[in-house]
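Biologist: I have the sequence and the coordinates open here. Could we go through them together?

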Amino acid sequence: MIGLDTLEKCGYIRSFPQNLFVVGEFPHRYDTLREVKTAADPAALARQSRHALAPAVCFHCYAELSGQVLDGPVRLTAMGNCFRHEAEWRVGNHRLTEFGMREVVFVGDTDFVEEERSWWMQEIWSLFVELGLHGSLTTANDPFYFSEDALKIQHQKMASMKYELLAETLGRSTFSIASFNHMGDSLCKPFDVKGPAGLPWSSGCVAFGIDRWAFALLAEYGAWDEWPSAVKDRLHGRAMMPATQG
């Protein structure tokens, strides 16, 4: 879970309220708890807590660094399950309401953040090609902004704040399996994360949808027993011969 106060600082609630699962709770009151035991609709006795199911894992990192003055750049990584309240018609195959995510977060000056993001983009593209997957790297914007946020979408694209790695399956469906983000000071500032000069630092992150990588590989090669030995070796950390992509 993650506190709603953290999501408010991130601006997530304002931008993506439709994605959130807010957690309910039963009050610690004997009369209410006795009612719950016999109620036809126990949920009617619940109240909203100050927590939501985490829509991403990086937000916890900013909460951890909140109010700190950092002596030098910081790299953090985290992995966990994320939850997004997707429309029913969108759920299936690569899009789930609960999914695994690995993120790498880096905080420092603007040059450091851009260097980190560029390094990850190159490394992950090389891995993507080695695994024999097909797709592209492209600039992107976060989906589901409301119409009044059109300027934010335009700014994201013009500033190349967000890149996505798109996988294309043999059935020609295309979906994002990783994103590479440069957030400027948009998250460090509300969380009061500063550099040695006492000014808000920049941050970025790289996010990997674990289930989507698995789906892309299954769509490409079928069941595990059918996967090429070179791909299995690479996933087990053993080197592959240089690969080319047609």
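Biologist: What share of the residues in the protein chain is buried?
Modeller: This is a predicted model. Buried residues make up 40% of its 246 residues.

Biologist: Which order do the strands of the open sheet have?
Modeller: The order is S4-S5-S9-S8-S7-S6, six strands with antiparallel pairing. Strand S4 (74-83) and strand S6 (135-139) are the edge strands, each pairing on one side only. On average, neighbouring strands of this sheet are turned by 20° against each other, direction ignored.

Biologist: Which strands does helix H7 lie across?
Modeller: Helix H7, residues 210-221, lies across strand S5 (98-108), S7, S8 and strand S9 (202-209). Relative to S8, helix H7 runs at about 145°.

Biologist: Let us turn to Asn181. Where is its place?
Modeller: Asn181 is in strand S8, which covers residues 174-184. Seven bridges join S8 to strand S7 (residues 162-168), and the two run antiparallel. Within that pairing, Asn181 is the bridge partner of Lys162.

Biologist: Why is Asn181 called buried?
Modeller: Asn181 counts as buried because its relative accessible area is 7%, and the cut-off is under 20%. Not counting residues up to four places away in sequence, Asn181 touches Phe106, Arg117, Met161, Lys162, Gly204 and Cys205.

Biologist: A change of topic: Glu103. Buried or exposed?
Modeller: Glu103, which is in strand S5, counts as buried at 3% relative accessibility.

Biologist: What is Glu103 in contact with, leaving aside its neighbours within four places in sequence?
Modeller: The residues in contact with Glu103 include Ala56, Val57, Cys58, Leu76, Cys205 and Val206. A polar atom of the Glu103 side chain lies 3.3 Å from the backbone nitrogen of Val57.

Biologist: How many residues apart along the chain are Glu103 and Phe180?
Modeller: They are 77 residues apart, and their C-alpha atoms are separated by 9.9 Å.

Definitions and conventions
Residues numbered from 1 in each chain as written. Predicted model: local features only at pLDDT ≥ 70, side-chain atom pairs only at ≥ 80, totals over all residues. Heavy atoms only, no water. Helix = DSSP H or I, 4+ residues; strand = E, 2+ residues; numbered from the N terminus. Buried < 20%, exposed > 50% of the residue type's maximum accessible area, 1.4 Å probe, protein only. Contact = heavy atoms within 4.5 Å. Pairing = 2+ DSSP bridges. Axes fitted to C-alpha atoms, helices over the stretch in contact; angles between N-to-C directions. Polar contact = N/O pair within 3.5 Å; in protein donor to acceptor, adjacent residues only side chain to side chain.
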